[in-house]
Amino acid sequence: MIGVEDYRRVAPPGVVDIILTLGERLRGRRLLHLSGGRFGGGPAEILHTMVPIMTDLGIEAVWEITGGDPAFYATATTLEAALRGPERVLTDEALDHFVDMNRVNAKKLSLEADLVLVHDVQPATLVQQRPASGRWVWRCHFDCSRPQRRAWSFLRPFVNQYDAAIFSLPAFARRLGVPKYIIQPSIDPLSEKNRDLSPREVATILGTLGIGQDKPILLQVGSFNSADDPLGVVNAYRLVKKHYDVRLVLAGTLADPEGPSVLDELRESAQRDPDILIRELPPDAHIQINALQRAATIVLQKSVRGSFGLGAAEAMWKGKPVIGGFVGGLPHQIVYDVTGYTVHSVEGAAFRLRHLLNNRELIARMGAAGREHVRRSFLITRHLVDYMALLIHLAS
Amino acid sequence: MNRRAKHPFVFTGCVELRQALDHRATDERELLERLEEVPAGSVFYHTHGYFLRHRPITTAYGNDFAAWAAAHLRDQVLAERLAVVNPFEFSTLEDLREELASVIHDHLVRLSSVPRVELGEVFYFQQSHVVEVTLGPGAETLAEFRTGLAAVDASAIYMHMVEARARLGRRAGDFAEWIRSSLEMPELAEKIERIDTYMTNLEKVRARVLTLVDSALEGSAA
């Protein structure tokens with residue numbers, strides 16, 4: 001099992017000592033994470049590592065999940081989608097049932113803790129059943145700054161029953177009656193998705209994916225949806241391909257309902273170009289993503305609608321320059337002209353790709369700067385320190 | 001240099017817990033208005049606190065207001081005028097706030113239109129809560145101090161050189177004060193006190209203190 005001492009070789013000097021000291025102060029405290037599931041998405045990936053490390057430090061860290069019938073899950077999904085912005089249909093009956101199901105969840109779970117971190121929407125209404133002692137914090141991992149009004153009207157009274165809320169960026173937050181803390185997400189450098197791989201391992205994995213390494217690889221990893229703009233990436237690649245013999249790899253998952261139609265359109269557009277490779281991956285294809293990012297020459301994250309977009313940090317950790325859209329968390333990860341570029345258009349992405357391909361020395365320099373930037377700002381060690389500081393601050 | 005200190009020096013690092021406020025600015029006029037009404041802790045966060053977050057790989061602007069004017073408003077003139085405001089020269093945060101507001105006001109009266117964010121990011125005012133973390137055993141000699149300083153988390157440099165002076169009222173900074181009062185080495189203390197922490201980064205400050213300490217250790221060994 002990986003322990004906190006294992007991070008000394010990857011974290012900035014001194015950070016593990018800070019973690020150990022904070023751990024001493026928090027020994028015996030109970031920290032309860034409540035989420036809607038144990039799989040899928042960055043928050044769950046990080047909790048899988050963070051909870052055992054906290055336990056290793058002597059903190060009584062517990063991770064519980066909520067559950068219910070199909071209608072409960074459907075409402076949770078619709079509610080979160082509506083909080084992200086798009087119009088969705090939410091009926092009073094569905095929302096009442098959602099709250100009722102969480103009342104049942106509350107009876108099944110032990111909610112006593114010094115700090116309860118409630119992640120995202122599915123368990124959010126459990127705060128109604130909070131015990132008299134302990135501090136409760138709602139941890140929102142997505143951008144809910146422009147929600148559908150009805151969805152926010154439903155959720156806001158619950159959020160205001162917490163002691164505080166956490167958002168990944170100030171721009172992701174709404175006006176609330178409780179303090180709003182800012183804690184950026186992180187990647188785990190020792191996980192399957194980010195650990196070191198030998199060139200032979202990379203070559204083997206790329207071989208199984210049917211991807212050659214005989215020419216520079218431009219890579220985008222992300223969902224096949226309009227928010228991640230894979231079609232825009234194809235158009236940028238076409239502008240670059242006139243001048244450079246490169247290969248485009250689009251790897252991702254079918255995470256949402258528009259996925260199949262976007263994928264069909266991509267396949268159609270790629271039909272006559274053998275250097276456009278589209279790979280649909282399962283949600284747990286961590287080592288494949290790791291190998292693809294390590295094999296890439298330049299990584300794109302050309303999103304047009306914002307999430308935090310930790311794929312940029314993952315790629316920078318592997319020493320790759322990143323060209324990303326100017327949305328969500330990407331401008332906060334990519335240091336312009338130092339670790340990559342943020343762009344506003346297909347043409348901007350193509351221009352920066354050509355710029356890097358024409359100045360190869362920049363690729364290595366930006367890659368090295370990106371890795372150091374991630375080491376300081378986006379590793380799980382920093383995330384752990386932030387949560388521990390929050391626990392100390394709220395308990396004081 | 002085996003002189004033992006009367007009191008050991010205990011390195012203290014910190015963790016900065018950021019808190020978003022309900023104040024934001026989309027143009028320079030709003031920046032001025034919000035700057036005049038936010039809590040003093042927010043002024044501290046965006047000026048002195050900049051040194052804790054600033055990384056050597058990025059361009060130094062000295063404070064978040066100047067960095068925003070340059071990167072998101074594309075107003076290099078305002079960025080330059082804000083960047084030269086050295087927060088360490090002001091004895092109170094209200095004096096610093098007044099100076100920053102005055103710079104923005106003087107800039108605005110010379111403009112025919114107010115620069116605003118078009119493709120960049122809105123400015124979100126924040127403040128922070130600093131959680132102090134005691135690090136390692138105390139140093140009792142200059143050599144032990146040197147060893148500790150070389151290995152300690154960069155946040156300790158911020159705590160002892162920036163936070164101690166600006167928020168805790170220890171104007172000399174903790175390193176100089178301890179070397180002067182506990183090791184009774186006033187010359188070295190004075191040199192460390194004179195280190196300019198403005199427009200640099202914490203690692204460079206660490207390197208400068210180490211260089212001065214090394215010279216003192218070599219001088220005593222010769």
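1. Angles under 35 degrees count as roughly parallel, over 145 as roughly antiparallel, 65 to 115 as roughly perpendicular and the rest as oblique. Angles run from 0 to 180 degrees between N-to-C directions, and axes are lines fitted to C-alpha atoms, for helices over the stretch in contact.

2. This is a predicted model, in which local features need pLDDT of at least 70, side-chain atom pairs count only at pLDDT 80 or more, and totals for chains, interfaces and linings use all residues. Residues are numbered from 1 along each chain as its sequence is written, while chains are lettered from A and ligands numbered from 1 in the order in which they are written.

3. In chain A, helix α3 (residues 70-84) packs against helix α5 (residues 149-159) at about 110 degrees, with the axes 8 Å apart; helices (H or I, at least four residues) and strands (E, at least two) are DSSP runs, numbered from the N terminus. The helices α3(A) and α5(A) are therefore roughly perpendicular to each other.

4. To this contact (C-beta atoms, placed from the backbone, within 7 Å), α3(A) contributes A:Leu79, A:Ala82 and A:Leu83, and α5(A) contributes A:Ala151, A:Trp152 and A:Leu155.

5. Chain A also holds an open sheet of six strands in the order β9-β8-β7-β10-β11-β12, with parallel pairing; two strands pair if DSSP finds at least two bridges between them. Its edge strands, β9 (276-280) and β12 (340-343), each pair on one side only. The twist averages 20 degrees from one strand to the next.

6. Within the sheet, β7 (residues 217-221) and β10 (residues 298-301) of chain A pair in the parallel sense over three bridges. A:Leu219 stands opposite A:Val299 in β10(A).

How values were computed: Contact = placed C-beta atoms within 7 Å.
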